[in-house]
Amino acid sequence: MTPRDQHTGGTDSTAGPAAQPLRSDAERNRARIIAAARTVFSRDGLSASMASVAREAGVGIATIFRRFPTKEELVAAVFADRMDAYVRATAEALAQPDPWRGFSGYIETVCAMQAADRGFADVLTMSLPGAEALEACRAEAYQGFLELIARAKDSGDLREDFTSRDLVLLLMANAGVLSATGEDAPDAWRRPVAWMIQSFKAPARGPLPDPPEDAALYRAMRRASLGPTSTETGKGH
């Protein structure tokens, strides 16, 4: 319902025009907050506080929480386009006729996406149930990755003991390398990622320890998203 609809009979002809500037101001504030959050999260990761975003945006913390009552909602808005690109990367990899090139190219692309944005590096290794649209994109990309795995195994290129959990572990490891070397050696991540991709190639050189259970890995991802600043809400503001 619009402000105009709230008046019976349409007798107040000024309600609609008067409301329009307010909606425009609200949208400008929202865009400013998202742009500021993108800057802060890219620089500092998702451990950055909502107060840091407010300072970057030049608005009060209460304004942030009016637009985004929880941090997960802000994260979802900031990284919506990144998650769309993540899904597209899966589709592009599946379109690659060579199964190994599709599989290995996808891993390189996703790790490069992590390197380009520290905040997105965190998003890929966290579970954010409150951000439903973001998690839906993650699920879609995951299903595509399962197909990439199956194709690469069927072609004999990917070792049989590789599981989708190995990608999660690789992304966690890559996030750690990026955090440690990002400022001084921003391309250092490429070397360990290349090592890992080569280790995935069949034939296997030897057996591997068992991967973590799905539930344990999910708990680890959830714990990463439940740091002291990631659960901030507008309560008390």
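Trainee: Which helix gives the largest share of the lining of the second largest pocket?

Mentor: That's α9, with four residues. α1 (15–44) and α6 (99–116) also supply at least two each. Helices here are DSSP runs of H or I, at least four residues long, numbered from the N terminus. Keep in mind that this is a predicted model, where local features need pLDDT of at least 70, side-chain atom pairs count only at pLDDT 80 or more, and totals for chains, interfaces and linings use all residues. Residues are numbered from 1 along each chain as its sequence is written, and side-chain values use heavy atoms, with hydrogens and water left out.

Trainee: What makes a residue such as R43 part of the lining of that pocket?

Mentor: A pocket is an open set of points on a 1 Å grid where a 1.4 Å probe fits, with protein on both sides within 12 Å along at least five of seven lines, and a lining residue has an atom within 4 Å of a point. R43 is one of 14 lining residues, and R43, R118, L178, G182 and E183 lie nearest the centre.

Trainee: And what does the class count of that lining look like?

Mentor: Five nonpolar, five polar and four charged. Among the residues near the centre, G182 counts as polar because Gly is put in that class, while Arg and Glu are charged and Leu is nonpolar.

Trainee: Why are M50, S52, V53, A54 and A57 of α2 called buried?

Mentor: Because buried means under 20% relative accessible area, and these residues of helix α2 (residues 50–57) fall in that class. After α2 comes G58, with a positive phi near 75 degrees. UniProt, in an unreviewed entry, lists residues 49–68 as "DNA-binding region"; such annotations may be inferred rather than shown by experiment. That stretch is 75% helix and 0% strand.

Trainee: How do you know where the predictor's confidence stays under 50?

Mentor: From pLDDT, the predictor's confidence in each residue, from 0 to 100. The chain's mean is 85, but residues 1–19 stay under 50.

Methods
Contact = heavy atoms within 4.5 Å. Buried < 20%, exposed > 50% of the residue type's maximum accessible area, 1.4 Å probe, protein only.
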